[in-house]
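Hi,

Here is the structure I said I'd pass on to you. Have a look first, and then read on for what turned up in it.

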Amino acid sequence: MNNKEFFNLYSHDFARVSVAIPYCRVADPAFNAKETIALATEAANRGAVLIAFPELGLSAYTCDDLFHQRALLDACKAALASIVEASRTLPAALVVGLPLQVDHMLFNCAAVVADGRIQGVVPKTYLPNYGEFYEARQFSEADAAISDQIELLGQSVPFGATLLFEVANMPLLRFHVEICEDLWTPIPPSSYASLAGATVLVNLSASNIVVGKSRYRHQLVGQQSARCLSAYLYSSAGRGESSTDMGWDGQALIYENGELLAQSERFSDASHLICADIDLERLSRERMHVTTFGDSARRHRDQVAEFRTISFEVNVPVSGTLKLERHVERFPYVPSDHRLRDERCMEVYNIQVQALVQRLSASGIRKVVIGVSGGLDSTHALLVCAKAMDRLGLPRTNILGVTMPGFATSGRTLEQARKLMEVVGCSASEIDIRPSCLQMLKDIGHPYAEGQEDYDVTFENVQAGERTSHLFRLANFHNGIVLGTGDLSELALGWCTYGVGDHMSHYNVNASVPKTLIVHLVRWVAETHQIGASGSDVLIKVLETDISPELVPGKSADVPDQKTENVIGPYELQDFNLYYTLRFGLTPTKVAFLALSAWGDRNAGSWPEGPHVARNQYTLADIKKNLGIFLYRFFKTSQFKRSCVPNGPKVGSGGSLSPRGDWRAPSDSEASVWMEELKNIPEQ
């Protein structure tokens, strides 16, 4: 991949697709073809490689018995011919709807047109004949067809409902077409098509509008895309269809694996279209990851075997820069929508609480020991612990909170720890670990014990180890368990002291919660005043505190020299890297491309203020540098810590790093393949 290719979405297995809703005239194919070509040209100019139009769009859907008039059918063929001719100069595949007579029967069809040819014709499988629909009066269903190859506009064209269309120069782009009612059946044809390899499902629909139908379309399309691990393009007829007995809203939808990527304005008076960038690799990897998808394909091998693949090339716009139009969340673990974010926080919080309640109930243990540093992670773990005690009907004094100042503990975090324990209402104690640390340093002959300012890793880890040692012995003494506080981000980067350190506990409620999500969990508890107004005040102060291990003395007692993100990179970027590496196994080049799309725009997203909440913009050089830190630490130096993590609940689909859950890996792996791939990312 050269530098120019890096900045083009097609180089990263994305495909820009479009759904177009032309203004139509009933029984005026020439006019409708003109509108279709205009929209196709607009979509192709935006870089779309696949463009879908409404059902019977060349004739209009509401022709009723006019469909049996030869003049109309001939005009539809002429309209199709003009679209075929226009496609010679359009770098895209078009899917248009029209009525076609085949084997003395009339079929409601979708024609796939590309590169000046009709690549195939798909007849509608299911004909609605209830309510306001009378399609069986004019049309025959797909199964009635005799021919699987037809002559059309001087070409021999594949015909049938079991056609797959593959863009040969984009091997992951294989699409299937179904028509309107096909989706509304218990087992849509696209279900079998996805098992046969279709990654993109296209539905040419007319779909009149009645109250509540728009929402139901969303449910159908979203669920079908999720079940089929596919993208789904859906059209419906708009302005111009007959209003004799029905109304039309012209809704267009694009979903990917259950996620809405784009939707059109409804009830528009003009022709309009939507575009979205489909991540074909993500769909392919989901199918590889979800092994039951392949199992289902084998179970339905007879239906899968019926499909034929039609292969053709499209002049994909791979040269030059083509940025993503797809919105890439800066915080993949945290929804940007405030309502969804609150909902996510509530659910994660309750998962953690429920897990701790179960652990305490099952073990018969009634007390929990927790180290409270006044920092972010221990604050959140303490909040979870308090809620668990409430759920169990136990007094919060059964929480033994311990703050343990060391050689570099700041006055700020010490005061925050004291205040937190006070507002939570736990049993609070304070142990100065400096004497025991000094004894340990003296025992091992460390220079610091002789008065030298030697702040090496041993100096740091002695403090972490002493804290954990005290916590475990307190748990023994009080018949309790030690609650861990380390989070998913620290575990991914190996930013935890192995063994007798913050790496170990009896149970860890934060084990699969990334740092960026913990920020919003604490903020959510503060904003919802779940521990009172004074508690909310101290939580806000915690959020405003720089993240630091506070293990090396600084120039000021209240401002530590150590800042975690100066060493391992910004958590907001590293959580982004973790999500796409762990959840989807993407290459470093694609992760960087996505990061640039998310973080290169200063105005992307709206977020609350605070030092742990991004208001930043990162250059490609920043992204590459921090991705390099992540890859080396994740793949080369940290797995041995993840191979023996304590129990803890998985909270999200973004994955966990437990060897008993989502991630099993060798502790002595090399990182060279990822570091070599990193070199393909340009500096600017």
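This is a predicted model: local features need pLDDT of at least 70, side-chain atom pairs count only at pLDDT 80 or more; totals for chains, interfaces and linings use all residues.

Let's start with the largest pocket. About 1,300 Å³ of space lies in it, and 42 residues line it. If you want to find its centre, go to Glu 259, Arg 282, Pro 332, Arg 344 and Tyr 579, the lining residues that lie nearest to it. Two or more lining residues come from each of β13 (259–263), β14 (272–279), α6 (280–289), α9 (338–363) and α18 (571–582). The top contributor is α9, with 6 residues. Sorted by class, this lining has 20 nonpolar, 13 charged and 9 polar residues.

Now for the second largest pocket, which holds about 1,100 Å³ of space. Its lining is made up of 50 residues, and Ser 373, Arg 467, Asp 502, Ser 548 and Pro 549 are the closest to its centre. Which elements each supply at least two residues of this lining? They are α10 (376–392), β17 (399–403), α11 (411–424), α13 (457–478) and β19 (480–484). Here α13 gives the most, with 7 residues.

Cheers

Definitions and conventions
Residues are numbered from 1 along each chain as its sequence is written. Side-chain values use heavy atoms; hydrogens and water are left out. On a 1 Å grid over the protein atoms alone, a cavity is a set of points where a 1.4 Å probe fits but cannot get out, and a pocket is an open set with protein on both sides within 12 Å along at least five of seven lines; lining residues have an atom within 4 Å of a point. Grid points are joined across faces, edges and corners, and a volume is the space filled by probe spheres set on the points. Helices (H or I, at least four residues) and strands (E, at least two) are DSSP runs, numbered from the N terminus. Ala, Val, Leu, Ile, Met, Phe, Trp, Tyr, Cys and Pro count as nonpolar, Asp, Glu, Lys and Arg as charged, and the others, Gly among them, as polar.
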